[in-house]
Every structure is written in C-alpha cells, then in structure tokens.
Amino acid sequence: MTATVLVAGGNGYIGSHVVVELAAAGFYPVVIDNLANSNPEATRRVTGIAGRDVPLLVGDVRDGAFLDEVFRAYPIDVVIHLAGLKAVGESVAKPLLYYDVNVGGAVGLFQAMDRHGAKRMVFSSSATVYGDPVTVPITEDFATGATNPYGRTKLMIEEVLSDLVASDPAWQAISLRYFNPVGAHDSALIGEDPNDIPNNLFPFIAQVAVGRREKLSVFGNDYATPDGTGVRDYIHVVDLARAHVRATQALLQGTIAGGAHMPINLGTGNGVSVLEAVHAWRRATNRPIPYEVVARRPGDVAACYANSELAEKLLDWRADFDLDAMCRDHWRWQSRNPQGYGEPG
Ligand code: NAD
Ligand code: UD1
C-alpha cells in the first residue's frame, strides 16, 4: 500500500524507527521536527537504512503557516504525531511549556489536518495515562488519571481526539499507549540519544555499561513485587515502530471506523523488575553493571504492564522481541555510538 505519511517528531528516538518501518512497508514518510530534542543525523541515517530519501522539514507543530506549507507540498494521507516533550520532572517544573508544546502543538496540528482534509491520526500516548493502576495487567478500559503534567498532556490530547472524531465522522484516530520503549535498530545506526543524564532505566544502564556513569541507582527495593523493585513492560522500539505501520494500515483500510477514537496498549504483556533488567544487561554485555539501592523515586508505581490483546485483535500485531534482544540491540547502539549522534552538524 503506498501512501504518504507525515511523521511529526519523526527525527526523534521512536519516530526515526517508525520512519524506517514505514519505508520498509512501502509508505512515503515525510518528517517534520523542530530538532528540540534530536539531531538531524538521525534522519540522515534513516535515509541510509531506508535506501531512499526521507525529507526532514525543520519546523514546529505550533507553527500553522509552516504546517500549511507542508500540507500543500505533500499529499498527506495519514499523520503520526510523536512530536512533544517527555521529561516528567521537567513537566513538573515547567508545566506551561508542556501544555504549550504538547497540548498546543497537538491542537495546532489537528487544526492544520482539518484545514487540509487529512483526517487520519495515530497519536503517541503513554501508559502513564493509567497513573497508579489498581491491578495488572492493564486493559484499555482501566480508569485513567495522570499523576504529573506530562501525563495530563497525554490525557488531554486523547480527550481532544475523542471530541474531534465525535464531531466529524470523517476523522479516524488511534492513540497508541506505549509502555516502556527500549532497544534500537539492529543496524546500530539509530537509537536513543539522551541529551542529559538519562531519567529512564535502559539508557541509564547503557551509560553505566559503556563507562560513562559509575553505577545505577535502583529506586527502591521495598515495593510489593517479587524482588521488591519496580516492574515494567519493556518493549523493543522496532516492535513498537511496526505497530505504527499496522495502525496506519488499519486507518487506511477503514478497520478503525470513522467517528471512533481507539486507545490501544503497546506492550509485551511481560512484567520485568529492575533487577531482572540488570541481570539481562549483564548477560548482553558481559559487564558487571554495578548498582546500589536508594530511596524510591517520587511518583513511581510498583508495577505497570500491559494486556495487549486489543492490539492483536485490531492491528494483528504482537511484540516479537524478548528482553535479551532488547538489551543486545540497545547495547550494540550504545557501544558503537558511545556519544550518541555526537554534536548536531
Ligand atoms: P524524542 O524526544 O526522541 O522525540 C520527540 C521529537 O519531537 C524530537 O525529535 C523533538 O525534537 C521533536 N519535537 C519536540 N517538540 C516539537 C515541536 N514543538 N515541533 C516539532 N517537533 C518537536 O522522544 P521519543 O522517545 O521518540 O518520544 C516520541 C513520543 O512518544 C513523545 O510524544 C513521547 O511523549 C511519547 N512516548 C515516549 C515514551 C518513551 O519512553 N520514549 C513513552 C511513552 C510515550
Ligand atoms: C517513566 C516516567 C513515565 C514515562 C516512562 C516512559 C516517571 C515517574 N515516569 O516511567 O511517565 O511514560 O518513563 O518514558 O519518570 N529506575 C531505577 N533507576 C533509574 C531509572 C529507573 O531504579 O535510574 C526504575 C524505576 O524506579 C522503575 C523502572 O526502573 O521502576 C523503570 O523506570 P523508567 O525507565 O524511568 O520508566 P517508568 O518509571 O515506567
């Protein structure tokens, strides 16, 4: 199926993998990104992997005139919206920035889509919308309730999408609720390149393994989990990216009807503790991965993992890669690119 897919935030970690999989499936991806948290080297490398040119148009999703130019220049069939800010701590310190970029950016993008009659949306949501779940695994009908401004931006955008599709059945929308994306493309050419000290577990362990950091701090070992450390549903970024291809196909084929906004979990369904992740990293790297247990991180939940049956049913998608493959590919990227993409150039 050939169609043109606008990938907002497509120069970032997840977006660059989405673009590779879209191109492999025969779509024409067009990337827009303001480079707030990424390096143009990512799309240059994606072009190499894809074997054909992928346009990277530098601009902001809050800039309506820029978006109008993009929609006039390309016959956009589907939009995948990954652009935004994602650091929980920063969102607490700078809520207005997060509401402006994430909520304002999404509304601006939806308005531009509406103006140009491009009404198929795949939105990057997050398991964070479930807050502290009453039980696990989590299905899409669980109560939502975010615990920080970042999470609230995701919930608000989902609500905007529900209102939008209800107002106009020409709109079709899927919100993909990612659990914990990790890993990298097996070429080791693209991967996650955090600017600062990583907040998330896998990029932090990767920097310990490569010698950039001395040891991992394990945030608490007194949770009600089998070994006391936090349990999460890590999912390989390539599996995640392939789900975006399936979602794009579902919208184009009309499997997801107009007038409906479908939130869909993307996880493996396996809960993995921090210590299990450390052991998997040791296997993948043959390195010691020193750690010390410290206090819990405020806002963390004990356990969060998905029931992903809806993705299987609606998108014919399930995760293929296991924890060892996630560590192996994340490590291959980190060890071959110890400074990530390097300085923007
Ligand atoms: P990322 O920061 O690598 O990618 C986001 C991209 O959006 C970056 O390239 C950035 O430059 C761009 N961007 C930011 N603001 C923009 C703006 N105003 N206009 C245009 N481009 C802008 O992050 P990622 O990990 O690839 O995440 C992608 C999406 O997935 C985000 O919306 C994030 O909230 C969501 N998500 C990520 C995770 C995760 O663990 N990585 C989990 C759940 C949801
Ligand atoms: C975090 C965000 C969440 C976001 C998700 C994916 C917080 C409170 N939550 O969730 O909103 O959607 O990332 O980007 O920031 N851990 C350590 N040491 C570390 C880092 C993490 O022990 O240095 C532990 C955590 O306590 C947790 C697990 O590892 O139990 C995973 O942490 P992380 O990768 O940050 O993901 P989430 O906590 O799921």
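## Around ligand 2

Strand E8 (residues 216–219) gives the largest share of the shell around ligand 2, four residues; strands here are DSSP runs of E, at least two residues, and helices are runs of H or I, at least four, numbered from the N terminus. This is a predicted model, where local features need pLDDT of at least 70 and side-chain atom pairs pLDDT 80 or more, while totals for chains, interfaces and linings use all residues. Residues are numbered from 1 along each chain as written, chains are lettered from A and ligands numbered from 1 in written order, and side-chain values use heavy atoms, without hydrogens and water.

In total, 17 residues surround ligand 2, each with a heavy atom within 4 Å of it. Among the closest are Leu201, Ser217 and Asp300. A side-chain N or O atom of Asp300 sits 2.6 Å from a ligand oxygen, and a backbone N or O atom of Ser217 is 2.7 Å from a ligand nitrogen.

## Salt bridges

There are 20 salt bridges in the structure, meaning a side-chain nitrogen of Lys or Arg within 4 Å of a carboxyl oxygen of Asp or Glu. Lys86 and Glu192 pair up at 3.5 Å, N to O. Lys86 lies in the loop between E4 and H4 and Glu192 in the loop between E7 and H7, so this pair ties together parts 106 residues apart in sequence.

Arg177 and Glu158 also pair, with their closest N and O atoms 2.7 Å apart. Arg177 is in strand E6 and Glu158 in helix H6, and both are buried, i.e. under 20% relative accessible area (1.4 Å probe, protein chains only).

Note on methods
Polar contact = N/O pair within 3.5 Å; in protein donor to acceptor, adjacent residues only side chain to side chain. Buried < 20%, exposed > 50% of the residue type's maximum accessible area, 1.4 Å probe, protein only.
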